[in-house]
Amino acid sequence: MGHADCGITIRILRARDVIFVTGALVTSLVALGCQESPAPFAPGSGGISLQLVIPDDQTVDNQAAGTTSVGQAAWLGEQRTSRGHLDAAIARAIGPEGPSAREHKVDLTETSSGFTGTISGLQPGSYTVAVEGLVSGEVDYFGSTSGVEVTAGKNTAASISFLPYQPVLDPPSSPITALRFAVTYSRILNADSYIVEWDTSATFGDVRSVSSTSTTAELTVADTGRYFIRVSAVSVLVESGRPSEAQFVDVVTDLTSSGDDPSTAPLVGFGTGANDSLTALNVFPIGDTDWFAIDACRSDTITVETLAGRLTPPSDVDTYLELRDVTGGTVIDSNDDAIGTDSRIEMELPSNGRYHAIVGGSANTVGRYDISFEVGPGPANTGSQCIEAPAITNYSPRRAPRGFSPVTIDGMNFTDAEVTFDGVVAPVLAGSSDTRIITSVPTEEDGLNPNPDGRLRVSNAGGYAEVSFEIQP
Ligand SMILES: [Ca+2]
Ligand SMILES: [Ca+2]
Ligand SMILES: [Ca+2]
């Protein structure tokens, strides 16, 4: 073909992470010149000669002086040999570009200063050159460059950023109640994407996996238990690099106390003392219900809300919510979907006492949720207790004409109480107490209906007691 023999001679310096970060020294491939090529070329072909040089840590330290310390720790304690912590290195030349491009691969030989090797027998043309540093046969360092011209009779200079290819997986928080959760890991500059694998076994014999193009990935698991997780970098030239060190996460049921029935429901609090958000709960397994008790007063407003579909990442549980009475047997209010599939109940309470909020999953869904409680105190709520409704134990007389006095009512919880006959307010006279009210029958001048319906009521903020009273003509 008339071309002189030549190829690409490559020299690779591997520096520590800090240098890559600051750009003070990007590991480089340097053409050494034709005359230094260690192998002769067949007629009409070229070659790529590679020398992988790994500077010792002291050299790197000097070069990094005065720059950031980011990444420094990663190299501390590594063995100080010419090959660093790498077991081996390989180089590949892919090309010349075109439909018949093929891959030429060479195992680099360890030398006193790093690794070296030659890819020979290359047609002149444009090549992509990839260099991989291996640990246990897995790609731990990686770099590539394209457009490397193998020109007959000449060597071509090229440079490659030879960078760490093993991600670091951030330790996930554990234990968790989420069946869907995110993991994060370090960015690999030479990667196009990442594959995150998980398994219930630390040997990763039966992995599930998810691909991500960012440094975060969402995992979904179907059961509680311990999951081992690892992440690998992916690129066009390296399908899967050396996986990160594995981390694990324990997926568990409720980390916050929750009951399964009225007898085990934890008391969230009384009145505004119940205002709280409880986290780290879940509906699991299918059919699980969680019970919470709240003490409140008549006319208090209560707001209960679940947070599941709006979590990040969103939970798969489609919550429903019930508010039940003290026995747990009577549903006072319920809600399935108020905000998306999340649930919300807001109501004014009918009486003093204990209420139960119950969370479950619609349509057999399971997953993490949070729940919030808010009580707005009404007039019966003193802040520390409820004003009890009046009770009437006796009253006399039971029938009397308009304007008659005294009518004596005995009972309890009469403090600040109001007395009405047929809805018309009657006076509370001298001699009244918390257990006795002395009053008089209203007249039509007081607004009494000409045909009164016979109700005598004593009421306060906590409720009322009512008896019959016949008003005579
Ligand atoms: Ca639960
Ligand atoms: Ca439960
Ligand atoms: Ca719902």
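I call a residue buried if 20 or more other C-beta atoms lie within 10 Å of its own, exposed if 12 or fewer, and partly exposed in between, with C-beta atoms placed from the backbone.

**Entry: what I am looking at.** This is a predicted model, where local features need pLDDT of at least 70, side-chain atom pairs count only at pLDDT 80 or more, and totals for chains, interfaces and linings use all residues. Residues are numbered from 1 along each chain as its sequence is written, while chains are lettered from A and ligands numbered from 1 in the order in which they are written.

**Entry: the whole protein.** I looked up the secondary structure and found two helices and 33 strands. Helices (H or I, at least four residues) and strands (E, at least two) are DSSP runs, numbered from the N terminus. The protein has 473 residues, and 39% of them count as buried. I then turned to contacts, meaning pairs of residues whose C-beta atoms, placed from the backbone, lie within 7 Å. Among contacts with a separation of 6 or more, 70% come from residues 24 or more positions apart.

**Entry: strand β3.** Which side chains of β3 point to the buried face? In this strand, residues 88-95, they are Ala89, Ala91, Ala93 and Gly95.

β3 runs antiparallel to β7 (residues 125-135), with seven bridges joining them. It is also antiparallel to β4 (residues 102-107), here with six bridges. I followed Ile94 to both sides: its bridge partner is Thr128 in β7 and Glu103 in β4.

**Entry: strand β13.** The side chains alternate in β13 (residues 216-220) too. I found five bridges between β13 and β10 (residues 180-184), in the antiparallel sense. In that pair, Ala182 stands opposite Glu218 of β13.

**Entry: a four-stranded sheet.** I traced an open sheet in the order β12-β11-β14-β15, with antiparallel pairing. Why is one side of β12 and of β15 left without a neighbour? β12 (208-212) and β15 (247-251) stand at the edges and each has a single partner strand, so one side of each has no neighbour in the sheet. From one strand to the next the twist averages 25°; the axes behind such angles are lines fitted to C-alpha atoms, for helices over the stretch in contact, and angles run from 0 to 180 degrees between N-to-C directions.

Within this sheet I looked at β11 (residues 193-199) and β14 (residues 225-234), which are antiparallel and joined by seven bridges. Here Tyr194 stands opposite Ala233 in β14.

Conventions:
Two strands pair if DSSP finds at least two bridges between them. Two residues are in contact if their C-beta atoms, placed from the backbone, lie within 7 Å.
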